[in-house]
Amino acid sequence: EAGVEMQQAACGPGAEARGSWCYLPCPAGYEPKFNHCRQVCDGRFHVNAPLMCGDAQGMIAIAIVQIAAKSGRAMITKEGLTELMLDAGIVAAGSMTAVVE
């Protein structure tokens with residue numbers, strides 16, 4: 001709004017002010033990216049993609065296709081949703097069939 005003055009954040013020890021917010025430094029193995037900490041892709045998983053690290057560009061492409069296919073199947077079928085939940089480690093997924101139906 002016009003006439004509203006923004007104040008610099010007053011941060012505690014070790015925090016960094018960016019505008020009106022305070023941020024702690026990223027832990028080892030992470031770097032600041034758009035006001036969040038993003039994992040640094042290096043070592044065995046050195047290939048950088050927007051949402052993940054991988055060991056080869058082709059493997060990242062395969063992973064993205066698999067994620068999209070499983071997500072699409074989960075939206076269409078109750079079996080797909082149960083499979084996606086089980087893959088994610090959600091133990092109650094087997095009992096969700098009655099809820100989905």
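Reader: Hi! New to this one. How many helices and strands does the protein chain have?
Author: Welcome! In this predicted model, the protein chain has three helices and six strands.

Reader: Nice. And what pattern do they follow along the sequence?
Author: Reading along the sequence, you get β-β-β-β-β-β-α-α-α.

Reader: How much of the chain is buried?
Author: The protein chain has 101 residues, and 14% of them count as buried. Its accessible surface is about 7,900 Å², with 62% of that belonging to carbon and sulfur atoms.

Reader: What about contacts between residues at least 24 apart?
Author: Take the contacts in the protein chain between residues at least 6 apart in sequence: 0% of them join residues at least 24 apart.

Reader: OK, strands next. How do E3 and E4 run, parallel or antiparallel?
Author: Antiparallel. Strand E3 covers residues 30-33, strand E4 covers residues 36-39, and four bridges join them.

Reader: Is Gly29 buried, exposed or partly exposed, and why?
Author: Partly exposed, because its relative accessible area is 42%, while buried would need under 20% and exposed over 50%.

Reader: Which residues does Gly29 touch, leaving aside its neighbours within four places in sequence?
Author: Gly29 is in contact with Arg38, Gln39 and Val40.

Reader: How far is Gly29 from Cys41?
Author: In sequence, Gly29 and Cys41 are twelve residues apart; in space they are 8.3 Å apart, C-alpha to C-alpha.

Reader: Let's switch to helices. At what angle do H1 and H2 pack?
Author: At about 130 degrees, with their axes 5 Å apart. Helix H1 spans residues 57-76 and helix H2 spans residues 78-87.

Reader: So why are they called oblique?
Author: Roughly perpendicular covers 65 to 115 degrees and roughly antiparallel starts over 145. The angle here is about 130 degrees, so H1 and H2 are oblique to each other.

Reader: Which hand is the crossing, left or right?
Author: The crossing of H1 and H2 is left-handed.

Reader: Last one: which residues meet between those two helices?
Author: From H1 there are Lys70, Arg73, Ala74 and Ile76. They meet a set of H2 residues including Lys78, Gly80, Leu81, Leu84 and Asp87.

Methods:
Residues numbered from 1 in each chain as written. Predicted model: local features only at pLDDT ≥ 70, side-chain atom pairs only at ≥ 80, totals over all residues. Heavy atoms only, no water. Buried < 20%, exposed > 50% of the residue type's maximum accessible area, 1.4 Å probe, protein only. Contact = heavy atoms within 4.5 Å. Areas by Shrake-Rupley, 256 points an atom, 1.4 Å probe, with all protein chains shown as cover. Pairing = 2+ DSSP bridges. Axes fitted to C-alpha atoms, helices over the stretch in contact; angles between N-to-C directions. Parallel < 35°, antiparallel > 145°, perpendicular 65-115°, else oblique. Left-handed = near helix turned anticlockwise from the far one by under 90°.
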